[in-house]
Amino acid sequence: MKARTVRLWSVVHTWTSLISTIFLLLLCLTGLPLIFHHEIDELLGYAPQPEAHASAARATTQAVADAALAADPGRVLQYISWDKDEPGIVTAFTNSAVDGLPDNTTVRAFDAVSTKLLGPVGVGPMLIVLKLHTDMFAGQPGKLFLGGMGLLFAIAIISGVVLYWPFTRRLRFATIRDRASTRVRWLDWHNLIGVVTVAWALVVGLTGVVNTWAELMLNQWKATELASMVAPYAGKPPPSHLASLDDVVARARQTAPGMEVAFIAFPGTPFTSSHHFAAFMRGDTALTARLLKPVLLDGETGQVADSRALPVYLQALLISQPLHFGDYGGMPLKVIWAALDLLTIVMIGSGLYLWLTRRRKRAPAKSNAFARRAPVPS
Amino acid sequence: MHGSPDRTRRWIRVFAAPVLLAAATITGLLAALLWGTVGQYVAWVTVGAPVLVIAWVWVRRGSQKPRHFDRMLRGK
């Protein structure tokens, strides 16, 4: 590789890293507790616990809906969801209006058998950490900004891999030159951590970027696929009365045999039209449990209106979520995720240190700058 | 990769381990998603491999330092 090419990649690596450094540190630091958010919520008492029951007969969906509305008088239901990892709990989302602001949503857990209110969901300190991680309390612009930082991170990783060759071509793999200066030692650690975690960092970084586009993708789906699904019902007003949720669930199951309801979106919410319920169905394998299939049902009669697989970009979004969260391989994978997150923090910190020390070294004598920038061992 | 055999050998020496680790990581990330419980076990080993490499380098450095110290004490 020519010196000029190395210099060019070095500039790309330095500036993409520097611009995104603070935000990447924020993402890594907030991402660390989020890996264990369920355990932390449980420890702090913010995770609702289902009651112990002798009978396993689950309450009807309508009974859960009635309990949710009774717990939040004067408000309306937006969604009811079932977590496959928490079979004893049903979660209900209420708001002042079906299209109310997300920040006004109240999320409560109910016992799946007795419909007893178990407590609020998504509250406590982890909510603050989550908001910092996803949008820095800046809403959609904040999300898109962090997505941009994620893209810079990906460019920094790729340019780092390109630079790995000129920096290490005369070294054995995993060499740490302990007898050299502190800067060289940290350069070796930076290179080693960077190159061994490259695949994980790229996957987590890019799936994070995809997640920041979730709202845009949903809007695109609504404007195209959903619009064509509800086109035959154009001009129909919002339902004057709602169909029985038990009918909605039963018909959705008939339409998607072998699948379970992941969540029901009420008419007028962002996940459906103003006239239809949307039941999002999931399979029972690790992969199909992530790939949801919407079934659209008439809001007044509960009749099935249409059902189609989600478009590729929304399926990509759904698959990208576990790959970003690391929550799909049990506790050992979570611990590995945390270790890789910590290594990324060390890599970012060491990169910053290398840049600062290089600036300090370059200050007294600006000549021969490249030789200092690329300390290729002889 | 159109240089001399020596350059090719050096390229392999530099990139063989990182490429293998990257392939292992990707395999593990997908395995847990596609192969259920067995995939989870695969993921623990393969996604954890980079962490093990770093731990191994760290431990190796730690165990080498006393040996240097011993050699210094022996005047070698």
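Two strands count as paired if DSSP finds at least two bridges between them. Strands, like helices, are DSSP runs numbered from the N terminus, with at least two residues (E) for a strand and at least four (H or I) for a helix. With that in hand, look at chain A of this predicted model: an open sheet of eight strands runs in the order S4-S3-S2-S1-S5-S6-S7-S8, with antiparallel pairing. Its edge strands are S4 (117-120) and S8 (304-307) of chain A, each of which pairs on one side only. On average, neighbouring strands of this sheet are turned by 25° against each other, direction ignored.

Before going further, a word on the labels: residues are numbered from 1 along each chain as its sequence is written, and chains are lettered from A and ligands numbered from 1 in the order in which they are written. Because the model is predicted, local features need pLDDT of at least 70 and side-chain atom pairs count only at pLDDT 80 or more, while totals for chains, interfaces and linings use all residues.

Now let us follow one strand, S6 (residues 276-282) of chain A. Seven of its seven residues are buried, so S6(A) is largely enclosed by the rest of the structure. Here, buried means that 20 or more other C-beta atoms lie within 10 Å of a residue's own, exposed means 12 or fewer, and partly exposed is in between, with C-beta atoms placed from the backbone. In a regular strand the side chains alternate between the two faces of the sheet. You can see this here: His276(A), Ala278(A), Phe280(A) and Arg282(A) point one way from S6(A), and Phe277(A), Ala279(A) and Met281(A) the other way.

S6(A) has partners to pair with. Strand S5 (residues 260-265) of chain A joins S6(A) in the antiparallel sense over five bridges, and strand S7 (residues 293-298) of chain A pairs with S6(A), also antiparallel, over six bridges. Ala279(A) is a handy landmark: it is the bridge partner of Ile264(A), and it stands opposite Val295(A) in S7(A).

Next come the helices. Helix H11 of chain A has 33 residues, which at 1.5 Å a residue should span 48 Å, and its end C-alpha atoms are 48 Å apart, which agrees. (The expected span is 1.5 Å times one less than the number of residues.) Among the buried residues of H11(A) are Leu333(A), Trp337(A), Leu340(A) and Leu354(A).

Where does chain B come in? The contact takes 30 residues from chain A and 26 residues from chain B, where two residues are in contact if their C-beta atoms, placed from the backbone, lie within 7 Å. The largest share of the side of chain A that touches chain B, seven residues, comes from H11(A). By class, that side has 23 nonpolar, five polar and two charged residues. Ala, Val, Leu, Ile, Met, Phe, Trp, Tyr, Cys and Pro count as nonpolar, Asp, Glu, Lys and Arg as charged, and the others, Gly among them, as polar.

Chain B itself has two helices and zero strands, and buried residues make up 28% of its 76 residues. Ala23(B), in helix H1 (residues 5-34) of chain B, is exposed, with 12 other C-beta atoms within 10 Å.

Finally, how confident is the prediction? Within chain A, confidence is lowest in helix H12 (residues 369-373), at a mean of 48, and highest in H7(A), at 98.

Terms used:
pLDDT = per-residue confidence, 0-100. Axes fitted to C-alpha atoms, helices over the stretch in contact; angles between N-to-C directions.
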